[in-house]
Amino acid sequence: MDAVLNIGNRELKISAPITIEDAVLSVNEHPDAFLYLLNGRPVPMTTLFEDKMTVDALRVASGG
């Protein structure tokens with residue numbers, strides 16, 4: 001089963017089932033640095049990818 005994770009300007013093919021968190025860790029990124037959107041709605045990083053699912057990872061910025 002294939003799914004897609006759009007992270008930064010990369011499109012990664014994901015073999016489901018795997019959590020969003022584990023997929024992000026597999027590309028050496030920090031999962032807490034992103035907001036995850038499925039069909040424009042936020043989802044938790046513990047969400048399991050399913051076949052043909054596309055998740056967009058938007059980097060969040062903070063500063064002080």
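I7 stands opposite R10 in β2. The model is a predicted one, in which local features need pLDDT of at least 70 and side-chain atom pairs count only at pLDDT 80 or more, while totals for chains, interfaces and linings use all residues. Residues are numbered from 1 along each chain as its sequence is written, and side-chain values use heavy atoms, with hydrogens and water left out.

The protein has 1 helix and 5 strands, where helices (H or I, at least four residues) and strands (E, at least two) are DSSP runs numbered from the N terminus. From the N terminus on, these elements follow the order β-β-α-β-β-β. The radius of gyration of the protein is 11 Å, close to the 11 Å that the globule rule gives for 64 residues, so the protein is as compact as a globular protein of that length; the radius is taken over C-alpha atoms, and the rule is 2.2 Å times the number of residues to the power 0.38. Along the principal axes, the C-alpha atoms fill a box of roughly 40 × 25 × 20 Å.

The 5 strands form an open sheet of mixed pairing in the order β2-β1-β5-β3-β4, with two strands counted as paired if DSSP finds at least two bridges between them. Strands β2 and β4 (41-43) stand at the edges with a single partner strand each, so one side of each is left without a neighbour in the sheet. Direction ignored, neighbouring strands are turned by 35° against each other on average; the axes are lines fitted to C-alpha atoms, for helices over the stretch in contact, and angles run from 0 to 180 degrees between N-to-C directions. Strand β1 (residues 2-7) runs antiparallel to β2 and is joined to it by 6 bridges. Within this pair, L5 has L12 of β2 as its bridge partner. The hairpin of β1 and β2 has 2 residues between the strands, and G8 takes a positive phi near 65° there.

Buried residues make up 33% of the 64 residues, with buried meaning under 20% relative accessible area, exposed over 50% and partly exposed in between (1.4 Å probe, protein chains only). The largest nonpolar core has 16 residues, and L5, Y36 and F49 have the most contacts inside it. Such a core is a set of buried Ala, Val, Leu, Ile, Met, Phe, Trp, Tyr and Cys residues joined through side-chain atoms within 4.5 Å. At least two residues of this core come from each of β1, β2, α1, β3 and β5. Leaving aside residues up to four places away in sequence, F49 touches residues including L5, I14, I20, A23 and V55, contact meaning heavy atoms within 4.5 Å. Among contacts between residues at least 6 apart in sequence, 50% join residues at least 24 apart.

The whole structure contains 3 salt bridges, each defined as a side-chain nitrogen of Lys or Arg within 4 Å of a carboxyl oxygen of Asp or Glu. E29 and R10 form one of them (3.0 Å, N to O). E29 lies in the loop between α1 (20-25) and β3 (34-38) and R10 in strand β2 (residues 10-15), so the pair ties together parts that are 19 residues apart in sequence. R59 and E29 also meet in a salt bridge (3.2 Å, N to O). This pair links R59 in strand β5 (residues 54-59) to the loop that holds E29, 30 residues apart. R10 is partly exposed at 34% relative accessibility, and R59 is exposed at 53%. K13 and E11 form a further bridge (3.9 Å, N to O); K13 is exposed at 59%, as is E11 at 54%.
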